[in-house]
Amino acid sequence: MPTTTRRNRGSGRDMAALLSDFGHDLPTIPTLAPEAKEPRIFKYAPRRGAARRGRGWAPASAPAQAWRMTSDQAPVFWPFVSAPALPPTGAQMGVDQLSGGSFYCDPFGWVLRDDVPATNPNIFQFAKPGSGKSGTTKAFCTRMMPFGYRTLVTGDVKDEYESLCRALGVEPFVIAPGFWARVNPLSMGPLGDAWEKLSAEEAQRRATIIFKRWLVLVRGLVGSMKIDDERRVPFGPDESDVVRNALAILTGYAAGNTVLQETTIPRLWDLLRNPTEELVRACEYANPRVFLDETRLLRNALGELVTGTLAGLFDDFTNIEVDWRAPIQSFSLSRLDGLGDEAVGIALLCMNSWGRGLREIAEPGDLRIVVRDEVWKQMRLGTAAVASFDADLRLSRGMAGKGGDIQFCNLHKPSDLLSVGDADSQAAMIAKDLLELADIKILGAQKPRVARELDSMLGLGPIAQDLVSGWAMQDKGRALWCIGDATYKVQTVLHPLEKKLYYTNEAIEAAL
């Protein structure tokens with residue numbers, strides 16, 4: 001009996017089974033599958049390592065080093081941290097690819113801010129042809145116009161700005177043989193106005209500025225002439241003294257005239273060919289024969305300018321009136337292309353000097369963007385031409401109180417600056433220093449070799465090199481914008497109307 005009882009207990013049914021016989025089913029508890037544990041990303045080890053064979057166990061703990069740095073230094077260890085965002089002022093150029101926000105360009109605004117590492121407003125743009133360099137330049141000029149900026153193109157060597165000028169209601173000037181426009185690079189400009197009403201001190205100050213500009217020009221023109229394949233015409237202290245005294249006589253300044261008389265390069269050349277006793281005495285030569293012997297190279301160089309390929313272009317008084325109130329003014333030099341690169345470079349030198357003279361007295365608030373294309377053609381004229389370009393860049397910040405000039409210089413590659421002479425020559429050293437006069441550098445698409453050249457001059461680093469030679473090559477308008485020591489990855493965005501207006505391949509399509 002007890003055995004049976006134990007057997008029945010072991011084989012009995014539970015309450016759920018009994019109720020089920022009478023049609024009452026109790027709810028069942030669902031069985032849940034055990035949750036799978038996520039794999040551990042990091043496997044922590046003791047400070048001294050796992051005390052097992054081959055696990056790197058050490059009897060002493062590793063010393064911990066603490067590092068502190070600013071957000072400007074953090075990208076060294078974490079390269080994906082972008083530079084601090086720029087203020088949303090000035091021209092909206094496109095998209096900052098690192099932050100995803102809009103990118104604005106405001107050179108003078110940056111100069112006036114302490115939180116932006118820019119001390120001058122000049123811009124250098126390096127990019128291979130066809131990569132959107134021209135579109136970026138025109139977009140900047142056009143979008144800065146609502147802020148009061150006007151554009152001056154002192155030498156449009158490819159007629160790239162003609163369509164933009166006409167769209168803004170301005171007819172560009174054409175400088176070429178057979179055309180009516182004449183420009184006198186020895187024009188006094190606004191500094192010569194109302195001379196008779198000036199005090200002696202003001203007249204002296206203006207005369208110093210005018211003669212200095214003229215000497216820089218003549219030095220560049222004379223220095224661009226070659227004696228042979230390797231040597232150029234020298235322009236030292238003696239030549240400078242001769243030109244300065246000759247200009248003082250031609251303008252009447254030496255005689256103390258109350259009104260200065262404008263002169264030209266042919267008149268300067270004629271006076272050097274037929275020196276007066278006053279000029280010979282002022283230059284401290286024994287007699288006219290000695291004067292002529294000592295100044296032969298100087299006279300021949302000026303004579304080449306008067307009678308050579310550029311005859312009739314820069315050897316007479318200016319006969320054009322420039323409307324400085326217009327949004328843009330452009331001077332086309334494309335018809336000089338058949339005369340050679342040196343002729344175009346000399347024309348650029350003359351136009352830049354003339355334009356600088358017209359900007360020497362700027363009204364307060366007169367803001368100007370001076371576009372300089374094909375800079376390399378002027379740079380290859382020698383040391384004096386490079387020094388003239390250097391002077392233009394240095395004037396930009398100094399004019400900020402009266403008006404303001406932003407020099408926007410376009411080059412293809414850094415070797416354009418280094419091709420002015422031997423690596424250790426004076427011209428090459430000045431050309432390298434030009435990069436220090438532009439705190440804004442736009443680095444567009446380049447081949448890897450050119451990207452390495454940029455790195456050697458600017459210290460870009462491997463990541464920036466790869467972006468210039470990789471990412472920037474994939475579409476037009478892509479570039480690295482270097483503002484001081486900060487770098488921004490920018491895609492310039494153009495409106496469809498701008499793309500049509502800024503298009504520069506008409507000549508290529510016409511030839512096909």
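Start by selecting leucine 18, which sits in helix 2 (residues 15-21); helices here are DSSP runs of H or I with at least four residues, numbered from the N terminus. This is a predicted model, in which local features need pLDDT of at least 70 and side-chain atom pairs count only at pLDDT 80 or more, while totals for chains, interfaces and linings use all residues. Residues are numbered from 1 along each chain as its sequence is written, and side-chain values use heavy atoms, with hydrogens and water left out.

Leucine 18 has a relative accessible area of 37%, so it is partly exposed (buried is under 20%, exposed over 50%, partly exposed in between; 1.4 Å probe, protein chains only).

Next, select helix 4, residues 133-144. Its twelve residues reach 17 Å from first C-alpha to last, close to the 16 Å expected at 1.5 Å a residue. Eleven of the twelve are buried, so helix 4 is largely enclosed by the rest of the structure. Among the buried ones to click through are Lys133, Phe140, Cys141 and Met144.

Move on to glutamate 162, in helix 5 (residues 162-167). Its relative accessibility is 13%, so glutamate 162 counts as buried. Beyond its neighbours within four places in sequence, show Asp156, Pro172, Ser332 and Arg335, which glutamate 162 contacts (heavy atoms within 4.5 Å).

The structure holds zero disulfides (pairs of cysteine sulfur atoms within 2.5 Å).

Key:
Helices (H or I, at least four residues) and strands (E, at least two) are DSSP runs, numbered from the N terminus. The expected span of a helix is 1.5 Å times one less than its number of residues.
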